[in-house]
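Here's a quick walk through a two-chain model. Have a look at the structure first, then read on.

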Amino acid sequence: MNLLSPWFLAGLALIAGPVIFHLIRRANKDRIRFSATNFLKESPPRLERKSRIQNPWLMVLRCLVVALFALAFARPFIESNLPVTPNVSSPNTLVLILDSSASMQREGAWANAIQQAESYIEDLESQDQLSIISVALNAQLKLPFDRWSEWPPNERQTLAKALLSEMKPSWGSSQLDDAIELALAELEQADEGAAVTSKKRIVLLSDLQKSARIAGIAGREWPEECQFEIKTISGTHTGNVGIYWLGWTGEEEQRKMRIGVRGSGATENPELELSLSDAASGAVLSEPTKLYSNSGDKSIVLLAVPAGTEGPFQVTLDGDSESFDNTLFVAEERPRPMALHYFGEIENADNPNQAAFYIKRATSGWEDPIVSFGTPDRVDAEKNRSAPFILIDSILDQNSVAEVRSRISEGSHGLLLLSHPDRIEVAASLLGENGWRTGTENQTDSRLGMIDFQHPSFNLFADPRFSDFSRIRFWHAHTVHLPEDSNAVAIARYDDESPAILEAPIGTGTLTIWVGDWAPKYSQWVLSTKFVPWLQKLFERAAGGSDQPSVVSIDAVYSQFSSPTMSWQLLNADVYSSETPSLPGLYRLRDGRSDRWVALQISSEESEWETHAFEDWERLGVPLGRSSSLAESKIPTKAELRTQNAVELESHQQIWRWVIILVAILLATESLIARKLQNREDTVAL
Amino acid sequence: MSTANTIGIDPTALFAIRDLELRARVVVEGLWSGLHRSPLEGFSVEFTEYRNYSPGDDLRYLDWKVLGRTDQEFIKKFEDETNLRCMILVDTSRSMKFTSGETSKAEYARTLAATLSYFLLQQRDVVGLGLIDRDLHQFLPARWRPGQFKRLLSLLSLESEGKETNLGNGLDQIGKLTPKRSLIIVISDFLSLPAEWEKSMGQLIAAGHDVRAIQILDSAELDLEFGKASQWEDLETGEQIYIDPNEARSAYKASFQVHQLKIRRTLEMRGIRHLIAPTNKPLDFVLIDLLRRQPLKGRVGL
């Protein structure tokens, strides 16, 4: 029999305990207490050889318990002829995840991460596999296993290091869970084609910022024998102060910027200055504001903007040791003016039986777009062309049709109200189609029966809470028949399936045709709660889409500025580019008719240096590995193999369990015997 | 006397009852049911004869049944219209802790004291209590009042501090604290020499008290059928000597008998009744022994 942990046999020394205990007990218990010894005469002591140890069998039992305990802890096992584990190590499959979020821009962090990654690469053997993933806003597979395998084995490390040297940290937030998902998918894929089961390992090299998203891996099933290792990357400096945009405050003439300031980590220099300058010219607009920020402090600084300055602006934080997040760009919110040209009787705008009456009132007071209601200028054709919205509520002559058509084709949005069957020709002429005709007039009660909630005009009603249009009734709807090859598409139909709202592209613009009358005596549409939101959406589309902020996080650029018609021009650059920018800064954004400043910032959370706790990862069920280097999984020596073999044998045999059971039985016996002896002694003693 | 079914409660069964009050009640209630059919006398108030009513007599003692039947007015006359005043003294010294079985002498003694008190209080007699070791360390004056029995029990339930015996001191102190003539029952193992307490006993008798001595002994103290050859430690003094009981038994018995004779003589010389109560003797038998004996002197009928 061999022992896995023989040093526990030192516990055998504790056997002395019961022996001493039995010797001491004898001295105490050998006295009999009596009440009337004054009537007793001392007996001469009897000479008999007697062991000093009381209850020797009980003592032996107790000694045996101690000895067996020590033996159980020593983990005994019986050496068998099982072959020693073959001297072949299974290959390692390693996925390196490099966090390339904006926070890795901090001084020294990226170089540190690359150095760590290189040390992992240097540990790899020829049979090992490597994959590299970088992660910021998206996880990108920089080096798949296939490509690694294709490289000549003796050049793999050099090429992988070269690939690392090309990588740079980005300016977005990190979505670590995406990268881990991608790494797991890569490992699964690598496992499918492999002949030998490899040791899988994912190594995350990250600053582990608390803002980094990891929740996505909750409940993820991890492959067996896959280890996840985290290497926390730190920079040169121990603390950072970040600034972030909170918005405008104050009246037009005394406008102020609300700038958030937050310190994290051990801030090295708490005395800072915040200055405001014109981003385009670089001119300083106000005296630097002194502020004091320590670790964990959050404060708001109000920066007064001189009256008459229009921006764009640049706010700079001086004195902070980390410079990557010390500049904030600010572009002013500019409302979008929109001229609405009304083709119809202008008096109708004050007649409650006419659609213009309701459009005029619905649009007044909007902050974006700001609609000005007017008739087309008969003199200034150029001015007319700037109007993006055209409302047609009359029969147009040929000239007007040509003008309207030309303006829509240049990007304007037209709304034709087909309240009378005789306006069908206007629709046909504007679209340049033949075959448009009206059908029977439907005086009975009708409702909107089909609505395309995917359409931009109606998608805000797509939620079931708002999608009920069945309460809006129409009494004067007439049917319209379209030619088969018409460009117009019905985005809503009445319940008799005749088109209610049609939409057709004309050039770069759009024509919307409403079939029916909006006057309250013919329809409940303009009085319904759906009317104003629908109209707002229609005008927003005409203005170039929803109102977009002018100060945006880099993370939100892709989701908020996704139109393919947009083009970007960095401040002081010469050309516009259709590529969505990924660097923070000031950009000129052009989209259709609009051309404005947009300031892109890094996410404020990237300036915070609090990190995910180890427990956060454990809660997500991540199999965290303890080793920090691949060196540990290298080929073991003979002695190590013997140890491994012994551990395996011991865990297989588990003799210690039987020893513990034996100890339990002995303890029970000991208790019984001790109790009996105790009872006997008690009756004798007192 | 047909008391076989109702008295003679096995001490082992009795001492299995943890509550002292309940123990006392069990003994006394059993004893009462036997007394109804027995010629034993009780304590205190005894009816003796009738006499004719004369104006001014207390109407409470008018026999209304006789008046209803014969139209004659008779007054019931009692031998003694005063209550018995009793003081029970219990020895709580270290030697009383001895037991060779399950019931120690101290446990037996306090149960006996509780039983006696309950018996007397049931008869509306006044009972007091004193606990003695090297002096009188607890004292409850003899009273008849609600809660007296509870107070008495709470005193009896006090753990002994384990001091040595000095019976003489305790008796002297009780003599000073009990000015009225009383029945004084001393419950002790009387293992100390009579010379230590005989003078104090005599003073109590001289003061007019009726003193009774109940000697509680363990069976092992009587015959030394106990223990083994070993170091024996005296409970009172802590002194250790080597004793082989088989060898020491006969000498012990002789020596102990001499001691017992001395006690009996000392007590009888002073007219004090001496009653031996081994701890394996049913308590109600001890009580009956107390009741059966005729008094040597005094008015109380014990």
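What pLDDT does chain A average, and what share of the residues score at least 70? The average is 84, and 91% of the residues of chain A reach that score; pLDDT is the predictor's confidence in each residue, from 0 to 100. This is a predicted model, so local features need pLDDT of at least 70 and side-chain atom pairs count only at pLDDT 80 or more, while totals for chains, interfaces and linings use all residues. Residues are numbered from 1 along each chain as its sequence is written, and chains are lettered from A and ligands numbered from 1 in the order in which they are written.

| Part of chain A | pLDDT |
|---|---|
| helix H8 (residues 381–385) | mean 63, lowest among the elements |
| strand E25 (residues 499–506) | mean 93, highest among the elements |
| residues 83–87 | below 50 |
| residues 626–635 | below 50 |

Beyond near neighbours in sequence, residues 83–87 of chain A have 8 contacts in the model, and residues 626–635 of chain A have 15. Two residues are in contact if their C-beta atoms, placed from the backbone, lie within 7 Å. Where pLDDT is low, the predicted coordinates should not be read in detail.

As for chain A overall, its secondary structure comes to 15 helices and 30 strands. These are DSSP runs, numbered from the N terminus: helices are H or I with at least four residues, strands E with at least two. In chain A, 76% of the contacts with a separation of 6 or more are between residues 24 or more positions apart.

Now for where the chains meet. The contact takes 17 residues from chain A and 28 residues from chain B. On the chain A side, the largest share, 4 residues, comes from strand E2 (residues 31–34). E2(A) runs parallel to strand E8 (residues 230–234) of chain B, joined by 4 bridges; two strands pair if DSSP finds at least two bridges between them. Arg33(A) stands opposite Glu233(B) in E8(B).

Chain B also has an open sheet of 6 strands, in the order E5-E4-E3-E6-E7-E10, with mixed pairing. Strands E5 (136–143) and E10 (273–278) of chain B stand at the edges with a single partner strand each, so one side of each is left without a neighbour in the sheet. Within the sheet, E3 (residues 85–91) and E6 (residues 183–188) of chain B pair in the parallel sense over 5 bridges, and Cys86(B) has Leu183(B) in E6(B) as its bridge partner.
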